[in-house]
Amino acid sequence: MKIKNCFFLILIMLYTLFLLLFPSDSIAAAKEALKLCSSSLVPSLFPFFVCSNIIVNLGGAAFLAKVFTPVMRPLFNLNGSCSLAIVIGLISGYPVGAKTATDLYISGNCSKSDCEKLLAFCNNSGPMFILGALGTNILKDSSIGRLLYLSHILSSLTVAFLMRFLPSTAIPTKKEPSKKRLVDFSEVFTNAVSSSAMLTLTVCGFIILFSILISFIEKLNIISALSSFGLDYSLCKAIIYGLFECSGGCFHTVAATQYPVLKYILLSAILAWSGISVHLQVLGIIKKAKLSSKLYFKGKFL
């Protein structure tokens, strides 16, 4: 067995042990995660998954390529088709941007190098979460929500501009078949709904598993141990939550500090990082297309 697989096997065995030792905490964390999924994630993610899939498979990317190539190439050194992933990534939520970029590559609308550059900046938090859940519901200030969303967009586009200096390869040319098969909308729609439903369930599964993991971390007093080095307990808790899962990290950040500037900087950082939970979702999406995750993680650190 490989050392890496052995390491992950030990982690999963420990996770299973904690499930047995703390069943009530596990169930409580899972219930909270399910509430979040049903009230926020499923309604906001599923429609975008379906729409982006249909747009790509009905040729929407090819149309956008003709419109946006004059802007995309000089600004970001990308094919015009990539504009679809950028737009969808800014108005939906993780991991829809990564899914759209991967769909563009699989359908032959962008090259592998362009797709990997897209992954560095197109997988963003959506306005429904930042403006609605975070700005209006949690912070009770919609103007701060707008400021955070504007910061989120500008940081994404800044990374996109920096990525333009990396080399791009042309889209591989494919021989057209003698008789091109007509795209049937009913087939595309059905496939989009079924694949999007499975992806939405996968995202919810990640959220539940990581919510339980964070409850274990708190139960084992790991946060207390870290705060003993001079960090404020509530602030340390917010950072740990944000490291693993974005929504929980934002919620605990708002409750952690009364200093507005520190609060907003940390919220912006958590939104940009998106959490290990989202990273694993993205890795699962891009693995089938054999895409590298190096630029994705570099973009997130930036």
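Leu11 lies in helix α1 (residues 3-21). Helices here are DSSP runs of H or I with at least four residues, numbered from the N terminus. This is a predicted model, where local features need pLDDT of at least 70 and side-chain atom pairs count only at pLDDT 80 or more, while totals for chains, interfaces and linings use all residues. Residues are numbered from 1 along each chain as its sequence is written, and side-chain values use heavy atoms, leaving out hydrogens and water.

**Surface patch**

- Leu11 is partly exposed, at 39% relative accessible area. Buried means under 20%, exposed means over 50%, and partly exposed is in between (1.4 Å probe, protein chains only).
- Leu11 belongs to a nonpolar surface patch with Phe7, Phe8, Ile10, Leu14, Leu17 and Leu21. Together they have about 640 Å² of accessible area.
- Patch members have over 30% relative accessible area and no salt bridge; nonpolar side chains (Val, Leu, Ile, Met, Phe, Trp, Tyr) are joined within 5 Å, and like charges within 9 Å.
- Areas come from the Shrake-Rupley method with a 1.4 Å probe, and for residues only the protein chains shown count as cover.

- Helix α2 covers residues 23-57, which is 35 residues.
- α2 bends by about 50 degrees at Leu41. A proline, Pro43, follows within four residues.
- The bend is the angle between two fitted axes: one for the seven residues ending at a residue, one for the seven starting there.
- Just after α2, Gly59 has a positive phi of about 95 degrees.

**Salt bridges**

- The count is four salt bridges. Each needs a side-chain nitrogen of Lys or Arg within 4 Å of a carboxyl oxygen of Asp or Glu.
- Asp25 and Lys219 form one of them, at 3.6 Å from N to O. This pair links distant parts of the chain: Asp25 is in α2 and Lys219 in helix α9 (residues 185-219), 194 residues apart.
- Asp25 is partly exposed at 27%, and Lys219 is partly exposed at 40%.
- Lys35 pairs with Glu32, with the closest N and O atoms 3.8 Å apart. They sit three residues apart in α2, so about one helical turn separates them.
- Lys35 is exposed at 52%, and Glu32 is exposed at 51%.
- Lys99 and Asp103 meet at 2.9 Å, N to O. They are four residues apart in helix α5 (residues 96-106), about one helical turn.
- An α-helix has 3.6 residues a turn, so residues three or four places apart point the same way.

**Cysteines**

- How many disulfides does the search of the whole structure find? It finds zero. A disulfide needs two cysteine sulfur atoms within 2.5 Å.
- The sulfur of Cys246 is 4.1 Å from its closest cysteine sulfur, in Cys250, so it is too far for a bond. Cys246 is buried at 5%.
- The sulfur of Cys236 is 17 Å from its closest cysteine sulfur, also in Cys250. Cys236 is buried at 4%.

- Most residues other than glycine have a negative phi.
- Ser274 has a positive phi of about 75 degrees. Ser274 lies in the loop between α13 (260-273) and α14 (276-287), and is buried at 0%.
- Lys290 has a positive phi of about 60 degrees. Lys290 lies in the loop between α14 and α15 (294-301), and is exposed at 68%.

Definitions and conventions. Helix = DSSP H or I, 4+ residues; strand = E, 2+ residues; numbered from the N terminus. Expected span 1.5 Å × (residues − 1).
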